[in-house]
Amino acid sequence: MKKNIFVFLLSLVVMLNVIPCSHGQASDKEFEIVCGTLVAYNGKSKNVKVPEGVSVIGKNAFSGNKTVTSVELPYGVTRISDEAFADCKRLKSVTFPGSLQFIGNNAFTNSGLTRADIPDSVTFLGSGAFDRCRKLKSVTWPKSVTKIPERIFEGCVRLTKISIPSNVA
């Protein structure tokens, strides 16, 4: 009887999501991942390949990093949170996966990106997402984002090419 009550209570706790996520947690020298969210990159590599299983790049996960020049995001990443790559001045390129749906406010502000090929899977671009990217030269805009957010390219002094679909206002 006691075993049945224990199993019932444990099942109830799991169903109600009272126990915090314990699966998918990893912390190593480079990546701090909690429940599928990359919360911090602590490595020293120039070229970073984010591990499979990550679905969210958390707020400020790479912010202020002084060494990273390129980041490859795996298929399955759906969200780049606010300021995730802010002030990454040496960051030149990010490989966006076709699963990406959301790029948050100021996600790449003041970074060294030179081009942004945003996939059509993206349905939300936050304000200032690429502002002050002074080395940004080329952008491919997704068909799925029909309004241009405020300050999206403010201070992008080298931006010379933007491919914008005709359905964008």
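Author: A residue is termed buried under 20% relative accessible area, exposed over 50%, and partly exposed in between, with a 1.4 Å probe and protein chains only. The model is predicted, so local features need pLDDT of at least 70 and side-chain atom pairs count only at pLDDT 80 or more, while totals for chains, interfaces and linings use all residues. Residues are numbered from 1 along each chain as its sequence is written, and side-chain values use heavy atoms, with hydrogens and water left out.

Reader: Does Arg158 count as buried, partly exposed or exposed, and why?

Author: Arg158 lies in the loop between β12 and β13 (161-163); strands are DSSP runs of E of at least two residues, numbered from the N terminus. Because its relative accessibility is 44%, Arg158 counts as partly exposed.

Reader: How does Cys156 count, as buried or exposed, and why?

Author: Cys156 also lies in the loop between β12 and β13. Since its relative accessibility is 10%, Cys156 counts as buried.

Reader: Which residues does Cys156 touch, not counting residues up to four places away in sequence?

Author: Contact means heavy atoms within 4.5 Å. Phe130 is 26 residues from Cys156 in sequence, with 7.9 Å between their C-alpha atoms. With residues up to four places away in sequence not counted, Cys156 touches Phe130, Arg132, Cys133 and Leu136.

Reader: What is the phi of Arg132 near?

Author: Arg132 is found in the loop between β11 (124-125) and β12 (138-140). Its phi is positive, in a residue other than glycine, and is near 60 degrees.

Key
Helix = DSSP H or I, 4+ residues; strand = E, 2+ residues; numbered from the N terminus.
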